[in-house]
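Welcome! Take a look at the structure below, and then we will walk through a few of its parts together.

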Amino acid sequence: MTDEHPFHAGLVAVVGRPNVGKSTLINALVGYKVSIVSDRPQTTRHRILGIHTEEAGQIVFVDTPGLHGDQKRAINRYMNRAARGALSEVQLAALVIEAGQWREADEAAFQVLLEEPDLPRILIINKVDKIADKGELLPFIAKVSEGRGFAEVFPVSARRNSGLADLRRSLIRLLPESEPLYGEDEVTDRSERFLAAELVREQVMRQLGAEVPYATTVTIDKFADEGKMLRIAATVHVEREGQKAIVIGAGGERMRSIGQGARIAMEKQFGRKVFLQLWCKVREAWSDDEAALRGFGYTES
């Protein structure tokens, strides 16, 4: 960039209630799948960076777990701490809501932003494609933005890729003048090993019903890069024997389906053939055990 058009860069925390589409939005803005996606709340458990770089600047999106009031288990408390902690290290906060909705959980997420009163904040209204009567949108924008101090409001549809180019341009303009924080080819701070574990968990979230997905986590036991082939071994951890039986399924059918879905997703993500082996083990009450969480990689740094 020139002196007349300086480069802008910085971190943008993307926050909101669970299942409002934050990860889908960041994946679309970055153009790379940095966060897994499912229709279930609490799919995102970690703080993950997604990096978009263009000639005018660099936006480092901080994908955060959904803010929620249920803090009964240690993992819920961890996710809330991870989301809140992101606000202390960024230059801009983006609250994501769903078009036509402002729930108590949205208000609670907004109140978290007020814990950093000097942090500029914007509002992103996602899923505008679901609003049949677009005439309802302007009154809704006026209602939810009134008195809340948003620097700007952006109606978008992450799934339809609508409004995202304007959003990126505006975010760069709102960020401070700075040298790039990451290399221009970098798209995330997470390793392929981490992403492999998340892609297995994504299939668990998508394929299993009831509460089983929330009692599961995934570790990578082997990640061998053989050039054109990745050999990966992973373990799905659950909390009870009954959950293990559900994950495995009759004759191992469910485990094979999870493995097949994860392997296909990994091959698309990594651009290589993948040989994937899966196991399932019981670790009782791991989601309410701080030591177990740390062992499984749930750390806020």
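Among the buried residues of helix α8 are Met 255, Ile 258, Gly 259, Ala 262 and Phe 270; buried means under 20% relative accessible area, with exposed over 50% and partly exposed in between (1.4 Å probe, protein chains only). This is a predicted model, where local features need pLDDT of at least 70, side-chain atom pairs count only at pLDDT 80 or more, and totals for chains, interfaces and linings use all residues. Residues are numbered from 1 along each chain as its sequence is written, and side-chain values use heavy atoms, leaving out hydrogens and water.

**Helix α8**
- Helix α8 covers residues 253-270; helices (H or I, at least four residues) and strands (E, at least two) are DSSP runs, numbered from the N terminus.
- The buried residues of α8 pack against α6 (192-207), β8 (229-238), α7 (241-248) and β9 (273-282), where contact means heavy atoms within 4.5 Å.
- Just after α8, Gly 271 has a positive phi of about 70 degrees.

**α6 meets α8**
- Residues of α6 including Leu 195 and Leu 199 meet a set in α8 including Ile 258 and Ala 262.

**The open sheet**
- An open sheet with mixed pairing is formed by 6 strands, in the order β2-β3-β1-β4-β5-β6; two strands pair if DSSP finds at least two bridges between them.
- Why does one side of β2 (48-54) and of β6 (153-155) lack a neighbour in the sheet? Both stand at the edges, so each has a single partner strand.
- Strand β5 (residues 121-126) pairs with β6 in the parallel sense over 3 bridges, and Ile 125 has Pro 155 in β6 as its bridge partner.

Conventions:
The expected span of a helix is 1.5 Å times one less than its number of residues.
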